[in-house]
2 protein chains.
Amino acid sequence: MISMLVNTGHIGYNVIMRMDATETPGHLARRFQQIAVAVFHAQVEAAGSDLTPVQYAALTKIAAEPGLDQATLAGQIAYDRTTIGGVVDRLVEKGLVARIVSAKDRRARELRVTEAGQVMLTKIAPAVDETQRVLLSGLSEKEAAQFMKLMKKAIGALNDLSRAPLREG
Amino acid sequence: MISMLVNTGHIGYNVIMRMDATETPGHLARRFQQIAVAVFHAQVEAAGSDLTPVQYAALTKIAAEPGLDQATLAGQIAYDRTTIGGVVDRLVEKGLVARIVSAKDRRARELRVTEAGQVMLTKIAPAVDETQRVLLSGLSEKEAAQFMKLMKKAIGALNDLSRAPLREG
DNA sequence: GCCTATTGATCGGTATACTGATGATTAGCA
DNA sequence: TGCTAATCATCAGTATACCGATCAATAGGC
């Protein structure tokens, strides 16, 4: 059990409340993400693809910035550099992304979406849209907007606390 | 890029908005969870332990319900049964949990926290509390309460959509 | 221009997570 | 009772995620 300082909002002071581990922000975050992945897989599979959420995020970012390297890609979607290597490996294997050694910096690999990759993005776009709608389906539109705003705000304050902080372009 | 139906709230009807993939609920969920894990590790390591978030969740649940089996444990903290097997393996290796074949049902394994496990729980409790506070540190108390409420509501509506739905005792 | 610090990518290792399958055991029902 | 269905645990396989370390290559200070 976890004890936590909670403002009841009713009587204007803090009380110590007993809190179940399944009601902590960390646990709820894991649970929401777990469901998000499951919904994504179901929707995308129904659209005839086996792309994962991470692969999709990488593919869209590469499509938006052709020629970017893996480290920049990782930073822009807040992934660990090591992880991105494997993700790109699989995208290359599937023929959706081309990876070539950069002429300007021979350490770097330039990434580009192939024609098959473009086709794939177009093909699954509706499924990805539907995924986001399903994830918020338990909330009213007003609540959903509030939820998104608060999640962004909470994350923004903590960006530098993970190994893979978001590095905006 | 993702297009999504969004209520602006200002003019009372829906418009199609261009939405960056890093601003979808799925991506924000992953990001928040990623940070939650990083903060947990940092806090718990500072307290002299290498327990992971999943191991901690399992350990607290076993402490709360001595003798429960792995499938029930998995359901009560919303984990996949296969995953829980490995998690318990590591808790047993560390000497924090005892696992014995149930006399009543020889398929099942009864789990109990050892004395070392109890000591560990007591030792890292403050670090776990602090983790939850850090995760909400970007929000006011009112906002934090609202955020938690909305996340619970969104999750509650989707519980059955993942392979590992929450099965409350 | 040279040396050092930094950076891009990768490797080895560990820990989630999930799918699909299997084996052992128990429960339910005709 | 006997058969079938369901359940608990586990295995093989794949894909995130992260840490720490290494190697190649570039950048910056002098």
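Tutor: Helices (H or I, at least four residues) and strands (E, at least two) are DSSP runs, numbered from the N terminus. This is a predicted model: local features need pLDDT of at least 70, side-chain atom pairs count only at pLDDT 80 or more, and totals for chains, interfaces and linings use all residues. Residues are numbered from 1 along each chain as its sequence is written, and chains are lettered from A in the order in which they are written.

Student: What pattern does chain A follow along the sequence?

Tutor: It reads β-β-α-α-α-α-β-β-α-α. That makes six helices and four strands in chain A.

Student: OK, what is the mean pLDDT of chain A?

Tutor: It is 86. pLDDT is the predictor's confidence in each residue, from 0 to 100. In chain A, 82% of residues reach 70 or more.

Student: And where does pLDDT stay under 50?

Tutor: Over residues 1–18 of chain A.

Student: New topic. How many residues of chain A are in contact with chain B?

Tutor: 58, and they touch 58 residues of chain B. Contact means that C-beta atoms, placed from the backbone, lie within 7 Å.

Student: Which element gives the most to that side of chain A?

Tutor: α1(A), with 15 residues.

Definitions and conventions. Two residues are in contact if their C-beta atoms, placed from the backbone, lie within 7 Å.
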